[in-house]
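Here is a short briefing on one model. Look at the structure first, then read the points below.

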Amino acid sequence: MVESIVVYGIVWAALYALMALGFSLIFSVAKILNLAHGMLIMVACYVVYVLVANLNFPLGVSILAGVAIIALLGILLYAGFMKRLRGSINRLVLLTGGLAMIMEQAIIISVGPHSKFVPSMVKGSLSIIGVEVSYQQVLSTVIAFILITLLWLFLQRSKSGRAIRAVAQDRDVAATLGINVEKIFTITMAISATLAAMAGVLIAPIQAVTPEIGWGMMGSAFAVTILGGIGSVWGMAIAGAIIAYIELITAFFISPVLKEAAVFTIMALTLIFKPSGLFGKGEV
Amino acid sequence: MKKGAKILLLGAMICLMALAIDFFTRSEAAPPIKIGVISEWDFIGGHGTKRAAELAIRHINAGGGLLGREVKGVFYDSKADPGEAKNATERVLYSDKVDVVCGYWRSDLAIVCQPLVMEAKKILLLGGSAAPLLTKGRIKEDYNKYKYTFTAQPNSLLTLHPIDQSIISSMKLGLGKIALMVEKAAWCDPIFDVFSKKYANKIVYSNRFSTAATDFSVEFSQVKALGADILVVLSTGRGGIASVKQWYDMKIPAVYVGYPEAAQDPNFWEQTEGKCDGVAVGHIGGLLGLSITPKSVPYYNEYKKVYGEYPVAYTNASTYDIVMAWAQGVRSAGTIESPAVVKAMEKKPFNYVGVSGVLEYFNEIHNPVGGGWKEDEAWGWVSFQWQNGKREIYWPETHKTKDMIIPDRIRKLMTK
Amino acid sequence: MALSDVSFSVEQGEVVGLIGPNGAGKTTFFNVVTGFNWPSSGKIFFRGKDVTNATPNRLASMGMVRTFQIPRPFKELTVSDNVAVATLFNPKLKISTSSTKEFLKKILQGLDLYPWKDQQATTLGYGSLKRLELGRSQGSSPELLLLDEPFSGLNASEIEKESHILRSLVKEGITLIIVEHKLRELMKIVDRIIVLNFGIKIADGAPEAITKDKLVLEAYLGRRWGVNSAGDKKYNSTI
Amino acid sequence: MITILIISLLLVAVVPATNHSFFIISLLTAALIWSIQAASWDLLAGYTGLFNFGHMLFAGTAAYVVALVEVNLKIPRPLVILAGFLAGILSSLLIGLPSLRVRSVYFVLVSFVVPLIMYRITMSFTRIFGGEYGLSIERVYSRESIYYVVMVLAAFTVIILRILVKSRLGITLQSIREDEETARAVGINVPFYKLLACAVSAGFSSLAGICYFYHMSHVGPEIFSIMSSFNVVIMGLTGGIGTLFGSALGGLGLSLLLEFMRPISIYRNITYAALLVAVVMLFPGGLWGGLVSFWQKTRVMGVEESDKVRKSE
């Protein structure tokens, strides 16, 4: 019982964190609240599905292709739209919301509302401390954690990583240091979209994919980001864990019905009492 | 006052716009018989309603139309929003001047729009909505107002029956410890109550989960811990596929039965990569590609031919059948005047041969009856089980293709 | 910047200059007194009442008003509205529009902003904005006015205007506490100067005395004087 | 003022002009309700600087309370409506109190989240709130009567709000929007006025919500969904933020436009979204705001001239 809460908590922590990372990254660096993030995740799943099922590409190839396509899409959305409105938070929210609707409708019109799926990369399951977990879940979790670590390393060690952090801290100062802020924003968006796509292909085999799933995913990303606070990779991971465990524990001790309500309440409370999030550096 | 003038201009424009809408959309009820089809295009159910209505209209016209007149469909999206649905409904009623309204998969929309159609004294053909309030409630209470409502979809209370069959059949297989997991939705509440009462001494675990749930690990491990061997799940939400996959991955030693709506999908086997082996669910038999009536298989194949995929949601049958049934009613009444058509459709025996089954008559609350289904049973509905990639009907007897079984995988888990 | 030991009292109608090198804690002092920050220890009395933890709006309604070094007008509002806001929350004015209008007019004329009263604040030049800042503070007819560098960023002629206005305020019997770097101009209006350094009051006395005070000279004026006079030369050359 | 009367008269004229087409009447009723929502939203977003993404929270709460009373108790309708109205105003605290602590993007987040909590609650507690079925009653008022009531309410809303923002309250709110610190420095009790603004806005919004309930004779969880609140923002912003007329007209216009686009069937939603993107990209102040700012620009130019002159003196 408790074991299963622990084990599945880890699985969902990783996936939630992955969903949220891209979202919070672009949010902290470019102050863009990207409502289209969930839709990027969703579109990634559909791209992979179409490549596999309709064009019978091998799975690996399709996943790589899918991720690449989404990354490009991300850059496109940024350069084409968000760039122009950067700075005015409210209009950006509306813009990304509109873009999300467009993506959703585009999928519905082209593929239809039926639920699609991305085949799992590995079959079978194993038992961890007496809890049955499928290899797919294990794989997704591991990859998620690897990605999180990689992102962290990238931000800490690499040159452009440092640049991104600098921009996140103070755009103007960064600019005076000779950092090409525009370039940084574009790179960040690309990374964010890539993370979204990866989240998509890792989660799709575990759940089904329908066009409106994007909103739900965005919600999860929302929750984790708010709780974790922007500008801290491991804060994201921990927040993901907290959310995951809140859900599981509510489900176990109170009632599964109140899972979402519990999460939303935690969000609201965080926003009211510690708006910058548990590990956030950004001030209000 | 310059500003004022501008505002005035805008105001005038808005009114003109309103008038323009009215003007463009107004048209006298001319030769073609018009069906207003309103459904939720962005959702599988509503999508099915739309397609099924299209096919039905096509077939009616192929058969020379109705009373020598062509039948024309007016299709609007309700966006799954009551306000939108209301606008759409009043648009078809008062500016498209349709002769009959069809559609509504989501019950809240039907609840809002049914009275509007009734006020206009037009026939309402419910595409998929099965809220008991619409028939059992309203028609019973105020027959004269609501008698124009017809549906080829048993109300959700009756769909309890195929679900119950899955429990009964699994008990026949010697299982007896029930875990009852029911989605927290209004349509589930009465069913949940009935089961909790009926199987009070057999239920070892029961809970309600949210329609947005996608993870069931905790619930399932409780089920496992409590040693339940019949896992009854009612879920129309996103949870369906996820729950089946988790049930498989967590090696739950229990048969998965009930109403995981996602399991109706002909591609469910591929979607779950065979993990759904042994899952039992209720569905309209006419959509299984099995010969429930002479119409079933042809419809199944034609649907594939037209839309490139097999029908998924039950609305694909219920909408088609109710529209065709209405057409038969109109033919026998010899007019499209609502009262006459109502009389014609209420005539016993009505004997309409549909995709889902033979509809002998509509009972006093306009629920379909016949073709081997009793009044208190879900007309047209069967219980089937996924058995190595195929959907095998095990209830009712009349349409049975295979017995319900406990898959070897689960048997092994149980003996372990 | 923390304040460790600053204690002095200001009499009604007195004009006090508050000086000190950058980071001496002048602005912090302002924030603490006007209730934008609250002190960790120590007390603030205004007209005998303990106002240590009062909110800015309460202090304002009591008659203690501050200005900001960089003018912070309500950009979208018109000039007169900017002052009007203050008058709205001025308990001494009853909401009889006529008298308020008169009061407004008087202030705006005093600042000679009247001709531009219906423009958006953003359209004013810097000098006018400074005066608007003053005007807004007058709107709540203050008894104690804390001015944060009223002369900064102004050219000689504008400084003239500004100090003229200040003098008129003094005539009205308003108590002033002025933080200012431009000592020359400051000396002309204040009757007492307090010197802060690293959050400590190091001197307090009449202007002449201060200029002779050793401590002050080395801590502050010694460096500052030259720069300032150089600055003056620059000004003279420009005019 | 006059113009509103004229618009109202035109709207009255619509009824006979379309010989009482129920379609047009209820279409306009809904549109007017949306315009009230947009206008009341504008008081917060445009004048107080609280960009509220959860505006339908107020209307939803009011509507649900009225529905609950209508369904469960038998008490005179005025009391029912009053109850809903008060509940709506009370709910404004859920947005107002956070607004005291959090600003800009964080406030946007809060305002997003609060209605979603209500959505979950109404969905989950099916016994009380009817779950996905929502709560519905038989129609109690004729279409026309509701239409006229809503029309009067809409005019009333815009006029009252207009008067408010021209009054001392208006200036106060705007100064809070411009610079909270300075606002406090001149003696404004910022928290009080923020809450007041929320309450006023919520008041009108919930009246509209109650009308919506009687117009639909139904209320469901959708009213708390992201989209419905989002729509209010879209309408307000398209019409023109900070110009009550603009937002109100935006609400009216967009609702009609949406209905007008019905014939393009499956491309309707995507077109709507595309339009939204276009407006957000091209008209920062919205369409109406575009006009207004154009006038102001012309005025400001003249001003700058005089300013230069003055400086050179």
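Into which domains is chain B divided? Chain B has domain 1, covering 33-153 + 314-369, and domain 2, covering 160-284 + 381-415. The model is a predicted one.

**Domains of chain B**

- Both domains are built from two segments of the chain: 33-153 and 314-369 for domain 1, 160-284 and 381-415 for domain 2.
- The centres of domain 1 of chain B and domain 2 of chain B, taken over C-alpha atoms, lie 32 Å apart.
- Where the domains of chain B touch, six residues of domain 1 are in contact with four residues of domain 2.
- On the domain 1 side of this contact in chain B, three residues are nonpolar, three are polar and none is charged.

**Strand β9 of chain B**

- Strand β9(B) spans residues 255-260 and is mostly covered, with six of its six residues buried.
- One side of β9(B) carries Val255(B), Val257(B) and Tyr259(B), and these are buried.
- β9(B) pairs with strand β8(B), residues 230-235, in the parallel sense over six bridges.
- Within this pairing, Leu231(B) has Tyr256(B) of β9(B) as its bridge partner.

**Contact between chains B and D**

- Chain B brings 39 residues to this contact and chain D brings 43.
- On the chain B side, α1 (2-25), β2 (71-77), α3 (82-94) and α4 (107-119) each supply at least two residues.
- Helix α1(B) gives the most to this side, with 14 residues.
- The residues on the chain B side divide into 21 nonpolar, eight polar and ten charged.

**Contact between chains C and D**

- Here 24 residues come from chain C and 19 residues from chain D.
- On the chain C side, the elements that give two or more residues are α2 (56-62), α3 (79-88) and α5 (126-139).
- Helix α3(C) provides the largest share of that side, five residues.
- The chain C side is made up of ten nonpolar, eight polar and six charged residues.

Methods. Residues are numbered from 1 along each chain as its sequence is written. Chains are lettered from A and ligands numbered from 1 in the order in which they are written. This is a predicted model: local features need pLDDT of at least 70, side-chain atom pairs count only at pLDDT 80 or more; totals for chains, interfaces and linings use all residues. A residue is buried if 20 or more other C-beta atoms lie within 10 Å of its own, exposed if 12 or fewer, and partly exposed in between; C-beta atoms are placed from the backbone. Helices (H or I, at least four residues) and strands (E, at least two) are DSSP runs, numbered from the N terminus. Two strands pair if DSSP finds at least two bridges between them. Domain bounds come from an automatic or database domain assignment. Two residues are in contact if their C-beta atoms, placed from the backbone, lie within 7 Å. Ala, Val, Leu, Ile, Met, Phe, Trp, Tyr, Cys and Pro count as nonpolar, Asp, Glu, Lys and Arg as charged, and the others, Gly among them, as polar.
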